[in-house]
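Please look over the structure below before reading on.

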Amino acid sequence: MTNVLIFGMNDNPGGMESFIMAYFRHIDRERVRFDFLTNCETIAYEDEIRALGGRVYKICARSKNFRLYREQLTAFFEEHAKDYQVVWMNTCSLANIDYLKMAKTYGIPRRIIHSHNSQNMDNPLRGLLHKMNKRHIARYATDFWACSRLAGEFFYSPAILASDRYREIHNAIDCDRFAFDPEARRAVREEFSLTDKPVIGHVGRLHFQKNQSFLLDVFHRAHVIDPNARLLIVGQGEDEAMLKEKTNALGLDEAVIFAGVRADVPRLLQGMDAFALPSLFEGLPVVLVETQAAGLPTVAADTISQEAKLTDRLTYLPLNAGVEAWAKTLLNAAKQPHADRRAELAAAGYDIRTQATLVQTLLEETRGGAQ
């Protein structure tokens, strides 16, 4: 049995959490055990994690009480480091790599750092810490993973990128969960009173990175062009109040639906006619793999890695093309039917059944640590 300690699960069920859970559900849990270390009071999918046999350990967040955080982090590794052969740190930033440092100090032989983003999404201080730790990450990690080349370049030096310790791990999904389902489509559209409406959808943390304020401007124009159009936003985050205020100011309260956090995203995608992701930056977003598996026409900002284009369901559009172009492109996309592209995703290496076997093999490897 290979015991793996994972850091990276937060309370919001976002793309990184979906990525980790997809692999957890499909590895051979008789051979690889996943446990989780978090600084959140509750993490996404916690009940499922426990049901699948994973343990969840919780410590104080560094931002809340640094002294208590250090005490609890040290106590955890003193007690549990001997139980693990691998630490797998999933993160969007190198601002805090204490978990890797402690793993090295306490002798855990495999220490994987996994990049899930391509730019700083936090405050300038964390951006500075990221740059500092980027210079030193090779001292503490033994393996360097990323969801895309852009994400790899954000975290790692050219020397690391050229080494055999660097690997890009696909944000693979269970493609069959997203297969087009007419009954699910009908139910979703009835639930939100969307039966005869063209529906533009969006799933993501309500955060400046995802650029939902721009999306509201785009939808405002789309709604002028077609007053029947509706916008379904799934997610939560720190920008929620601002976005709802803007929705009200634009007079769109009846046309924009904030659905909050949902556990049934595969089902909700069935009820949409087009999907918008105007992010300012990304690694390689899981949600774009999901929308393509669902055969949902998708329009994404060209700031997002071209590696995300796995099928003809995804169209890139520059943000500076403007609100009018985005509105018309989305409304035209909404006229296209869903189309099955699961075979193409599997061929590209994005089906979780094959990718989970690959990651399991990598986790079971035994090799020396960083010097």
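Asn-3 counts as buried because its relative accessibility is 16%, where buried means under 20% relative accessible area, exposed over 50% and partly exposed in between (1.4 Å probe, protein chains only). The model is predicted, so local features need pLDDT of at least 70 and side-chain atom pairs count only at pLDDT 80 or more, while totals for chains, interfaces and linings use all residues. Residues are numbered from 1 along each chain as its sequence is written, and side-chain values use heavy atoms, with hydrogens and water left out.

**Asn-3**
- Asn-3 lies in strand S1 (residues 2-7); strands (E, at least two residues) and helices (H or I, at least four) are DSSP runs, numbered from the N terminus.
- The Asn-3 side chain reaches the backbone oxygen of Asp-83 at 3.0 Å.
- Not counting residues up to four places away in sequence, Asn-3 touches Arg-33, Asp-83, Tyr-84, Gln-85 and Val-86, contact meaning heavy atoms within 4.5 Å.

**Gly-53**
- Gly-53 sits in the loop between helix H2 (46-51) and strand S3 (56-58).
- Gly-53 counts as partly exposed because its relative accessibility is 35%.
- Arg-33 and Asp-35 are touched by Gly-53, not counting residues up to four places away in sequence.

**S9 and S10**
- Strand S9 (residues 230-234) runs parallel to S10, and 4 bridges join them; strands pair if DSSP finds at least two bridges between them.
- Ile-233 stands opposite Phe-258 in S10.
- In strand S10 (residues 256-260), 4 of the 5 residues are buried.

How values were computed
Polar contact = N/O pair within 3.5 Å; in protein donor to acceptor, adjacent residues only side chain to side chain.
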